[in-house]
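Welcome! Let us take a friendly walk through this structure, starting with its inner spaces and moving on to its aromatic rings.

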Amino acid sequence: MQKIVQSFFVLMLLVTMAFAQEKTVTGTVTSKDDGLPIPGASVKLKGTTLGTQTDANGKFVIKAVGDNLILVISFIGSATQEVKVGPTNTVKVALLSNDKSLSEIVVTGYSTKSKRAVSGSVADINVERSMAQPNASFDQMLQGQAAGINVKTGSGQPGRSADIVIRGKGSINGSTAPLYIIDGVELSGLDFSTLNQNDFETISVLKDASSTAIYGSRGANGVVVITTKKGKSGALRVSYDGQIGTSYLPKNQLVVMNTQEKLDFEQNIAGNPYNWSPAQFTELRKINTNWNDFVFRKGKTQAHNLSLSGGSDKTTFYSSLGYYDEEGVTIGTGIKKYNGRVNVTHTDKNIKVGANVSGGWSNYLGTTEGNQGVGSPLNTVLWALPYEKPYDEFGGYGTSVQFPFWINPIEDLKENRRGFNRLKGTGNVFMEYKLPWVENLTYKINMGGDYNQEEEFRLVKDGTQSAQQNGDATPFRGRGEIRNGLDRRFRYTITNSINYKTNLDAEGNHTLSTSLYTEFLRNTGRRFNFVGYGNLVPLPNEAGFVAGTAQNGFIPTFNGSFPENSALMSYFGTADYAFKNKYFLSLTGRTDGSSKLSPQNRWTQYGSVGAGWVVTEENFFKVKPINYLKIKASYGAVGNQTGIGQFPYLQQYSRGTYAGELGLNINRLGNANLTWEKRTTTNLGLDIEMFKSVVKASVEVYTSTTTNLYFNPFVPSTSGGNGTFLTNAGSMNNKGIEATLGVKVFNTKDFKWTVDANYAYNKNTILSLPDNQDLQLYFGNQALKVGAPFNSFYLVKFLGVNPENGSSQYLKADGVTVTEEYSAADRVVLGTSDAPHNAGLTSTWNYKGLELSVFGVLSTGNYIYNNARLNLENNLYTNSGYARSGLTAWTTPGQITNFPSLNEATEASTTRFLESGDFFRLRNVQLAYSLPKSITQKLKLQGFRVFVQGQNLYTKFKFQGWDPETSAANDDVDFLSSSVAGAQYPAMKRVTFGFNVTF
């Protein structure tokens, strides 16, 4: 009987187990605001300790036993929801929030994290606000968008990239540009002119070592991480964005004389440099040419973008086509670019695969800038004489009495051509596999490539003044010349990773996420160019040039470079721990091996640690106005080996000739001891939200030190080299503070007013120099000095003019003695060209679909050496176009003026030409109207928006020039950091009209 009872209970147990089989519940969590997936959302089984998190696509898988299962789904900033699991074991949840959930997610490029869990310094860029502004290179739109990102738009020339520095410059001879990552693929800032900014979904800027250490040696200068748009399941979504606009020339605050002023100046002050007779003076006064009217124009801009997206539960896609056409405000300049993109993702059970592919083509026509060349139109337009005509009586281009020093800028811009064709292709394919035998263990492989091809074309036609000017020094160049070059680069990256997430206890209080990575990156490239001479056939291309022979002298020259071939191998890992979702700890370790360095110094290790504490989760914290308070800290190190060329540890050679015979020259001496620059950073931060998140603010302080700086010390010619030698020496520090503030001033159903502001201060200090030096000369009028900032000016202080004799007065190096004798020994280190204070402010008003947004930027604390003004106030150039200030030049004893006598030699290396670089710019103003849903639904539309916007409508500054945002994007390497070398392409004022429609 007992055995029968036992058998019965065993049978009942088996039946119960059969009916209580484990279920696999899958689902997707999205934002109800915009339908986008929410990564990192918490999914728990009610009444149990079982739980998981959503992945980067908002998807989750959880295994449970029983019927009538209820899931509790929560995410910071969103209302918690409970969802009953139906018979299909599949759920879809749309969380409702006051703020867009994407703003609470940080994209690092390798993974996504909840902003709550991030212990490093990461800034999110408002993509919608930035991308609405038309620009050929999107990086210019980053200005003022986040604290700690110093962006100088610099040139207004279409297609020029901006200069971006994150938290100060940490290298002197290495690269200071940030790393750019798009969908896991590295690309350079020059490539942005071939990309479509409308394809961008998120932009994150990683600033401290805790966030950049995962990128190792590539992340030393910060990282800009971009992800592109992905499709969403559902019906086909078609969207079109279009804009047209007009650009205008701003006012030049470096004013030149008109005809009456110039002739009076020549007669009464400058000593009649051309010996004009009274009759000639009379005739010349009848001519008054404003050369700006002929060299500059109203530019035109048009931009069109068409995108399609959609898909099923398993497969989604996004595709786009873009066209951008911009005429510059300088004649003969502009850019046209064409873009296309296809992103596809497919998920089937435990496997997810995808591809993101884009291609772009841009055609750029431009002119030289940032130089002092006598053939540069942006210089000669200032030096032109107002009493000369741009065209002669026969309709040809006017020739000046200044020729060959001066050439007609109109002719050069219209007849001679300087341009580039750029082709770019970038893409990646990836696969994610959730290993079925270990829950929450995922393997991923990502393979990406980036191809760039740039074709350069320059033409100087025979018979033009530019050709004659060139021929004045080199006779065979006097019949025209053509330059054609090709630069091809390919970079590919292969990344393997394995990620594991788990709860360390039954209650789910302790969570751990770990990842291990291997990554291989390879760069290859090749470039060459040739220059041909003799444009004897009237064809504006290669067909118009004769074959060069020893008899005619038109022998082409050919140049090339050693092929680029470098690689980087990396192993790294991360660990993120959280306790009760209020204490967070992040660890990162990475080792890099670079082929650029010698075998003994090839490998290096980096790491970081970060911690965060959400104070408002503590029971003891009962401060009513504060609904969120987080304290975070991080410390870590990264390296730098970019910008040092190919294999600098090896002695390198180039071709040469001796006694007419071909041979080899030593191009660079090798240094087997060369190693990495190393940058360590400490960061402390506080995030706070008050009055139910009506006010959001953050403050961060940091200090970072770079050691083993790259330097090029002087090498005697007796060494057999050309004096080029790269070594490690010296150190530099950057420290600063960053603050952001967001306020919902009004937030009613019909009316909303938000204000967002950010401010950053960075103090740069050189700590040490090679060979224990205290001071070392640098580019142009700058020097490196221990205790002073990088890019500090090194000039003699100009105190004004002695009213009795018209002589310049200078302050000697002792800081006390006043002298009228200029001496280079009296130069002192002064302010820097890098602005330490930068800020951005955005105010947005929205009333029933009508929106007004105003965005301004502020930059202060830097100085500009105004080389353009030096040329226009130089006593040697009174026979050229001259600054109006020359009318105040000293002529009479007792005259009070700051313009010395023209009988005195003009000294360039003084503070007379050093000016403040402070400015405030109204960067963008936009007025938009969106049709209400009641109307769009009747029109069978998902949305319709129309807008008008203005860029650079107002700029307040003291600098005497077109614009205070001088840039290192110039064509004169001797003045790369001296801003401004001259030939400045003005930043444009622009007004555009556009609309967006979605079907």
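## Cavities inside

In this predicted model, there are 10 cavities of 30 Å³ or more. The largest cavity holds about 190 Å³ of space. Its lining is made of 20 residues, and those closest to the centre are Asn 135, Gln 140, Gly 156, Met 988 and Arg 990.

Sorted by class, the lining of the largest cavity has 10 polar, six charged and four nonpolar residues.

## Aromatic pairs

Now to the rings: the structure contains 32 aromatic pairs. One of them joins Trp 291 and Trp 406 in an edge-to-face arrangement, with 5.5 Å from centre to centre and 75 degrees between the planes. These two residues are 115 residues apart, so the pair links distant parts of the chain: Trp 291 is in the loop between helix H5 (278–284) and helix H6 (292–295), and Trp 406 is in the loop between helix H7 (377–383) and helix H8 (409–415).

Are these two residues buried or exposed? Trp 291 has a relative accessible area of 4% and is buried; Trp 406, at 1%, is buried too.

Phe 490 and Tyr 492 form a tilted pair, 6.0 Å centre to centre with 35 degrees between the planes. Phe 490 is partly exposed at 33% relative accessibility, and Tyr 492 is partly exposed at 26%.

## A cluster and two charges

Tyr 110, Tyr 215, Tyr 517 and Phe 572 form one aromatic cluster. Arg 590 lies over the face of Phe 572, 4.4 Å from the ring centre. Elsewhere, the charged end of Lys 337 sits over the ring of Tyr 324, 5.6 Å from its centre.

How values were computed. Residues are numbered from 1 along each chain as its sequence is written. This is a predicted model: local features need pLDDT of at least 70, side-chain atom pairs count only at pLDDT 80 or more; totals for chains, interfaces and linings use all residues. Side-chain values use heavy atoms; hydrogens and water are left out. On a 1 Å grid over the protein atoms alone, a cavity is a set of points where a 1.4 Å probe fits but cannot get out, and a pocket is an open set with protein on both sides within 12 Å along at least five of seven lines; lining residues have an atom within 4 Å of a point. Grid points are joined across faces, edges and corners, and a volume is the space filled by probe spheres set on the points. Ala, Val, Leu, Ile, Met, Phe, Trp, Tyr, Cys and Pro count as nonpolar, Asp, Glu, Lys and Arg as charged, and the others, Gly among them, as polar. Rings of Phe, Tyr and Trp (its six-membered ring) pair if their centres lie within 6.5 Å; planes under 30 degrees apart count as stacked, over 60 as edge-to-face and the rest as tilted. Helices (H or I, at least four residues) and strands (E, at least two) are DSSP runs, numbered from the N terminus. Buried means under 20% relative accessible area, exposed over 50%, partly exposed in between (1.4 Å probe, protein chains only). A charge sits over a ring if NZ of Lys or CZ of Arg is within 6 Å of the ring centre and within 35 degrees of the ring normal.
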